[in-house]
Amino acid sequence: MQVYEGYFENGSFHPIGNVLSIPEHKRVIVTILDEPVIQADKTLPVRPPFEYNSMSGKIWMADDFDEPLDDFSEYM
């Protein structure tokens, strides 16, 4: 079962998000919730642009990272 969210306006259901994954001729059940109406002109918040190297200097790797572990010495 898949769930899609949307709103009903002027006799039509307007889905929110991508509904292209619904196969043709599938049975659909519409459930009307007792919640406030979603504003049709409501837009999603815009994410700030991605900044390259934003994690620079925040991640480190030990100098002996590639060295064999003593725990596995009997298997090598």
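This note sets out points on the fold, surface and local geometry of the predicted model.

1. Basis. The model is predicted, so local features need pLDDT of at least 70 and side-chain atom pairs count only at pLDDT 80 or more, while totals for chains, interfaces and linings use all residues. Residues are numbered from 1 along each chain as its sequence is written, and side-chain values use heavy atoms, with hydrogens and water left out.

2. Overall content. The chain has zero helices and two strands; helices (H or I, at least four residues) and strands (E, at least two) are DSSP runs, numbered from the N terminus. Of its 76 residues, 1% count as buried, where buried means under 20% relative accessible area, exposed over 50% and partly exposed in between (1.4 Å probe, protein chains only). Accessible areas follow the Shrake-Rupley method with a 1.4 Å probe; for residues, only the protein chains shown count as cover.

3. Nonpolar patch. Leu69, Phe72, Tyr75 and Met76 make up a nonpolar surface patch with about 540 Å² of accessible area together. Patch members have over 30% relative accessible area and no salt bridge, with like charges joined within 9 Å and nonpolar side chains (Val, Leu, Ile, Met, Phe, Trp, Tyr) within 5 Å. A salt bridge is a side-chain nitrogen of Lys or Arg within 4 Å of a carboxyl oxygen of Asp or Glu. Met76, in the segment after β2, is exposed at 70% relative accessibility.

4. Aromatic pair. The structure holds one aromatic pair. Phe72 and Tyr75 form this tilted pair, at 6.4 Å centre to centre and 50 degrees between the planes. Rings of Phe, Tyr and Trp (its six-membered ring) pair if their centres lie within 6.5 Å; planes under 30 degrees apart are stacked, over 60 edge-to-face and the rest tilted. Phe72 is partly exposed at 44% relative accessible area, whereas Tyr75 is exposed at 65%.

5. Negative patch. Asp63, Asp64, Asp66 and Glu67 gather in a surface patch of negative charge. Asp and Glu count as negative and Lys and Arg as positive, without His and the chain ends; a charge is placed at NZ of Lys, CZ of Arg, CG of Asp or CD of Glu. Asp66 lies in the segment after β2 (12-16) and is exposed, with a relative accessible area of 70%.

6. Backbone. Asn53 has a positive phi of about 65 degrees although it is not a glycine. Most residues other than glycine have a negative phi. Asn53 is placed in the segment after β2 and is exposed at 70% relative accessible area.
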